[in-house]
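Dear colleague,

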Amino acid sequence: MLRYVLICVGLTASSLVISAQTISGFVSDTQGNPVVGAYVSNGDNNNIVATDINGKYSLELNPGLQMVSCSFIGKKTEAKEFTFVGGQKVIWDITLESEARALDIAVVSAGRFEQSVAEVTVSMEILQPALVESKATTSLESALEQTPGVSMVDGEPQIRSGSGFSYGAGSRVMIMVDDLPVLSGDAGRPMWGFLPLENLDQIEVIKGASSVLYGSAALSGVINIRTRYPDARPLTRVTVQHGAYSNPRSDSSMYWNTTLQQTNIRFLHSRQIGNWDVVIGGNLLGDDGYKGPTITFDSLDVPIDTNVAGYNPFSVDRYGANAQARFNINLRKRESSIPGLTYGLSTNWQKGESLNTLIWGHSSTGLYSSYAGAATRTKQLVGTVDPFIEYLSPSGVRTSFRNRWQHLRNDNDNNQGNNSDVLYSELQSQKIGVWGMEEMAITGGLVHQYTKGEAQLYTGGNEDGVNIARNIAGYLQIDKPIGQYLNVSSGVRYEHFSINGVSEGKPVFRAGANYQVAEETYLRSSLGQGFRFPTIAEKFIRTGLGDLQVYPNEKLRPESSTSIEIGVKQGLKIGGFVGYLDFAVFQQKYTDFIEFSFGTWAPSEGFDNLFGLGFRSLNTGESQVRGAEISLMGQAKWGAQGQHTLDILGGYTYTNPISLTPHLNYNPDSSNVSTTYIGTSHDTTGYILKYRSPHLVRFDAQWTHPHGFVGVSARYQSVIKNFDQAFVAFENFQFVDWGLNNWLDTHPTLPWLIDVRVGVNLNEYSKLSLVISNLFNEEYSVRPLAIEAPRLVNVVYTYEIE
């Protein structure tokens, strides 16, 4: 009997082994190489197998639902559910990606098609919308200042010291929204408050000459704001914030008795309606600014506050005040009766009023007021209308035709108004996979831009102030993987410009390579040329602010540059943290470099025109920027299902921007009057260019948890030591009394600036945040004679439903 039982048990066990359920397969990395020693398991610690030397595995499992996972140090864990029945055999081949790749971000700006940020051939930084939203940003430049290598001087963007202060004309950084330029047509100036912050997808910042794909203004880089189209879930978001500025540290400069405040409302609704994508958004902003009211003086010439009314967000009665309303609609036909055809229309309009100052009254008694005649009240209307059509052919050729009409009207109170209309069109075709090479991408396009500027400011060109500019360009770029590890890119563009019939053209080239040295180690190099034609404002502006005169320069020539960079991007995994560490060295060399410089540009009429002295855009010869940059972008996750995250973005940038022709006389009109870098600079040590900060530090970290978030930002830049000597000379000759010399003596450095933010999720749909900018209420000036904002405390309420 016992023998019979043993035989039955043995036969049963044998049948179970024979009919056991198994899963087997091959585990490889993203290059197809076998991963040896990867663990495959169903979660039972007693049922784990490791891949062999060939990357193969086989695991026995019980019948029923099983969650099978595969893990390896430094790789992202892969998991999948299977339902097994008796004797079933399943094949599951697994590809493991690097943990750093789990953080990977797709970018478009580098090559006009979607790529991994790790594999592009240029230096690039990404700003996610969460950073912009959590910092209570009312204008994009305050968020961009957290980007490594980026700084602002009076709202003018600098990337790696590529530009200085130009009185609001001639940006060397192209600003775009969804690949369409938004710089003002006549002056080439960014309009930060006009950008749709309520509907961000991500912000891509390219560093270095990018003229091949993006044209003239991309001499130092590109800032491309990518907006979001809706998915299957409707989204509604409303953000209301109210803030108050702290009193400045200098009691002697405060001549008002009220608390300066700010109110901002943003809204967004996006949804799919049939085959249409619909996005509606807008913004309403009322900001007292952080300076005093328009000046009335007492008997001792001390400014006093005559504004006794309470807070009115729509009243523009203080220096730096701003009130604006903006509304935008984006429509896209996602699917049409013609397969592969999409089309749509976007429009964005803003109306506002502001009172801006260029120079403070006095560093002791009028730091937050304005020098006489140096304030401008502007009533502005700006808008864009952007129709587009795109077709993806059955053969895989993507052709797009994008257009923009941009209208700008600035009605200024000092007879310095300007109007401009820009008509921009770009026809682009792209094919990924040509000549039998599946991953090769060819991108080509034609660009036409027509600008009509009309202004009392631009009489240096035509007496009626009407000036016409035109730009025609064609470009071609090829991106090609070679083998498994090397990506190469090269391109060419020809630009032709004309203003009032005077024209010039030039080709520019770029080339780059990205080589994957090891798993998540990418070595890149790039060379790019840039070419920038002067704007209407730089050539023809004639104006004055108080005693300061600005003169036209019809002889101003285009400037060009060559940019070289070598960099390495290393994927990291330290505990639960994954990210990228990036290091780059770079050089950008300029020819016919355009700078805004002081000199004698007109016959003397005594004090009426400051003896003919003033500022003018000039070709100053050759210059060069060399430097190095290290940056870190990453995220750590922990807790159940990764409910806790820590996002980090930071970096340090060192630049050495110098004049290579410091003794060149760049006065185009007179051989008797010498105008040189040496003669116009305040500090010529090392021949450093004007209005540059050689050292930049940027850092931001945010911990997000199920109940809210906590974040901190820090930024530092070294003081601007070289600027126009004329500002000091005016005081030395007692033409003016700005207190500049005293300020420079008492403020030899710039402070670290710290911002903090805390948010609490009130329920599933809403959260409440406290955001403090300039936590320690530092009093500082980046550009001499322009004071920056004191502490600002904002309370933000956000309601969002999907």
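The charged end of arginine 172 sits over the ring of tyrosine 590, 5.9 Å from the ring centre. A charge is taken to sit over a ring if NZ of Lys or CZ of Arg is within 6 Å of the ring centre and within 35 degrees of the ring normal. Arginine 160 lies over the face of phenylalanine 586, and here the distance from the ring centre is 4.2 Å.

Please note that this is a predicted model, in which local features need pLDDT of at least 70 and side-chain atom pairs count only at pLDDT 80 or more, while totals for chains, interfaces and linings use all residues. Residues are numbered from 1 along each chain as its sequence is written, and side-chain values use heavy atoms, with hydrogens and water left out.

Nonpolar cores

The largest nonpolar core has 61 residues, and those with the most contacts inside it are Ile359, Trp360, Tyr458, Phe727 and Trp738. Such a core is a set of buried Ala, Val, Leu, Ile, Met, Phe, Trp, Tyr and Cys residues joined through side-chain atoms within 4.5 Å. Buried means under 20% relative accessible area, exposed over 50%, and partly exposed in between, with a 1.4 Å probe and protein chains only. Two or more residues of this core are given by each of strand E30 (486-499), helix H5 (536-540), strand E34 (548-551), strand E37 (594-600), strand E38 (613-619), helix H7 (725-732) and helix H8 (740-746). Helices (H or I, at least four residues) and strands (E, at least two) are DSSP runs, numbered from the N terminus. The largest share, 4 residues, comes from H7. A second, separate core of 44 residues includes Leu195, Val205, Ile206 and Val222.

Helix H7

H7 is mostly covered, with 6 of its 8 residues buried: Ala726, Phe727, Val728, Ala729, Phe730 and Glu731. The elements that cover these buried residues include E34, E37, E38 and H8. Leaving aside neighbours within four places in sequence, phenylalanine 727 is in contact (heavy atoms within 4.5 Å) with Leu548, Phe615, Tyr691, Trp738, Leu740 and Leu785. Just after H7, glutamine 734 takes a positive phi of about 60 degrees.

Aromatic pairs

A pair of aromatic rings is described by the distance of the centres and the angle of the planes. Rings of Phe, Tyr and Trp (its six-membered ring) pair if their centres lie within 6.5 Å; planes under 30 degrees apart count as stacked, over 60 as edge-to-face and the rest as tilted. By this rule the count comes to 25 aromatic pairs. One of them is the edge-to-face pair of phenylalanine 598 and phenylalanine 615, at 5.1 Å centre to centre and 65 degrees between the planes. Phenylalanine 598 lies in E37 and phenylalanine 615 in E38, so the pair ties together parts that are 17 residues apart in sequence. Phenylalanine 730 is buried at 4% relative accessibility, and tryptophan 738 is buried at 1%. Ring pairs link Tyr371, Phe596, Phe598, Phe615, Phe727, Phe730, Phe733, Phe735 and Trp738 into a cluster.

A buried arginine

Arginine 493 is found in E30 and, at 3% relative accessibility, counts as buried. The side chains of arginine 493 and glutamate 495 are joined by a polar contact of 2.7 Å. A polar contact is a pair of N or O atoms within 3.5 Å; within protein, one must be able to donate a hydrogen and the other to accept it, and residues adjacent in sequence count only if both atoms are side-chain atoms. Beyond four places in sequence, the contacts of arginine 493 include Ser211, Tyr214, Val447, Tyr475 and Pro507.

Positive phi in loops

Most residues other than glycine have a negative phi. Tyrosine 687 has a positive phi of about 60 degrees; this residue is in the loop between helix H6 (677-680) and strand E41 (695-705) and is partly exposed at 33% relative accessibility. Leucine 785, with a positive phi near 80 degrees, lies in the loop between strand E44 (766-773) and strand E45 (792-801) and is buried, with a relative accessible area of 1%.

Yours sincerely
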